[in-house]
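Here's a quick briefing to read with the model open beside you. Have a look at the fold, then work through the points below.

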Amino acid sequence: MFAWSAPHALAGGLIVVPPGNRNVEQPKVPGASIRRTKAGRTTFDDKYDKIIELLSDSPALIGKIKQTARQYDIDPIHIIGAIVGEHTYNVDAYDRLQSYYVKAAAYAGDSFRFGYKDETISAFVARPQFSACSEYEDSYRLWSCREAVWERVFRGKTVDGVSYPDNRFSAVFFQPFFAGQTFGLGQINPLTALMQSDLVARRSGYPKLDASDARGVYAAIMDPDKSLAYVAATIRRAIDDYAQIADMDISGNPGITATLYNVGNSAQRAAALAARNRSGGLSWPEENYYGWLVNDKLAQLKSLL
């Protein structure tokens, strides 16, 4: 389990993770990302250039990124890095920011739910296997606990006569259109948004999300203005997790925060790093292919701000 505590400002005594990449060469890009890019008849370089162009041509968006970063006490370069990474390796950027608003509006009228087969997510997490999670009131702890129960009890197993896929909680219950689908400027998945709901409500003042209102969750993560808050909250949480659990300050390395934004589970990863460091020596968090690009292109990304 993790040493949960309230988010706090970074204080003295933390080991500061140095800037730059630990890997000399870029780590291998996953096959799924390569296949998606080939299917779109494009390249990573083209996709990178396209999102850079979109950001360069959107001074209002850059202003919103800076404002949101202030609300979450992070450097705006972290938000830029997450957006650039997503649009380089996972999706193509739209030509205009307005297209994101149009896409969000298109989904606003759809009727759908979160669930697996005939069971809604609300009914699923009401099962007795999740009873221990009820002690958590904060959305991050609550949904992290539920995700852990899924991994331990349900994933790839048959429970009460129902066979569950050997796949991530978010892919099985929170992607009603097709697995692997994320939306919006920050390419946030619904489970991540639900985890960050309380932090976003406190810092940005947006209404808390409800898993029984799938349309409301999608409205939040697809609206460019609102989605920035969930991007920032996810990064803020990763920085806090590494400070609180691993005694490391990762706030000066956008490649590391971008990596954690990409792979998720920052608390578990911070705990694993802390365990390695307790056994002797000093291990640094390492960037993946996604975070490596952010650090490699850092000068250009900073110029957008």
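Buried residues, meaning those under 20% relative accessible area with a 1.4 Å probe and protein chains only (over 50% is exposed, in between is partly exposed), account for 50% of the 305 residues in the protein. This is a predicted model, so keep its cut-offs in mind: local features need pLDDT of at least 70, side-chain atom pairs count only at pLDDT 80 or more, and totals for chains, interfaces and linings use all residues. Numbering runs from 1 along each chain as its sequence is written, and side-chain values use heavy atoms, with hydrogens and water left out.

**Overall picture**
- The secondary structure comes to 16 helices and 6 strands, taken as DSSP runs numbered from the N terminus (helices are H or I with at least four residues, strands are E with at least two).
- Take the contacts (heavy atoms within 4.5 Å) between residues at least 6 apart in sequence: 75% of them join residues at least 24 apart.

**Helix H7**
- H7 covers residues 139–154, and its 16 residues should span 22 Å at 1.5 Å a residue; the end C-alpha atoms are 21 Å apart, which agrees. The expected span is 1.5 Å times one less than the number of residues.
- Asp138 caps the N-terminal end, with a side-chain oxygen 2.9 Å from the backbone nitrogen of Tyr140.
- The buried residues of H7 include Trp143, Trp150 and Phe154.
- After H7 comes Gly156, with a positive phi near 70°.

**Helix H14**
- H14 (residues 266–278) has 13 residues that should span 18 Å at 1.5 Å a residue, and its end C-alpha atoms are 18 Å apart, which agrees.
- Ser266, Ala267, Ala270, Leu273, Ala274 and Asn277 are buried in H14. They cover an arc of only 125° around the axis, which puts them on the same side of H14; the arc is that of the directions from the helix axis to the C-beta atoms.
- An α-helix has 3.6 residues a turn, so residues three or four places apart point the same way.
- What do the buried residues of H14 pack against? They pack against H7, helix H12 (224–246), strand S6 (248–249) and helix H13 (254–263).

**Aromatic pairs**
- Rings of Phe, Tyr and Trp (its six-membered ring) pair if their centres lie within 6.5 Å; planes under 30 degrees apart are stacked, over 60 edge-to-face, and the rest tilted. By this rule there are 23 aromatic pairs.
- Phe124 and Phe130 have ring centres 5.1 Å apart and planes at 65°, so the pair is edge-to-face.
- Phe124 is buried at 0% relative accessibility, and Phe130 is buried at 3%.
- Phe124 and Tyr164 have ring centres 5.6 Å apart and planes at 50°, so that pair is tilted. The pair links distant parts of the chain, 40 residues apart: Phe124 is in helix H6 (residues 121–124), while Tyr164 is in the loop between strand S5 (162–163) and helix H8 (169–173).
- Ring pairs link a cluster that includes Phe124, Phe130 and Tyr164, along with Trp143, Trp150 and Phe154.

**Pro27**
- Pro27 is in the loop between strand S1 (15–16) and helix H1 (31–39), and is partly exposed at 22% relative accessible area.
- Pro27 and Trp292 are 265 residues apart in sequence, yet 7.5 Å apart in space, C-alpha to C-alpha.
- Neighbours within four places in sequence aside, Pro27 is in contact with Glu287, Asn288, Tyr289 and Trp292.

Definitions and conventions
Polar contact = N/O pair within 3.5 Å; in protein donor to acceptor, adjacent residues only side chain to side chain.
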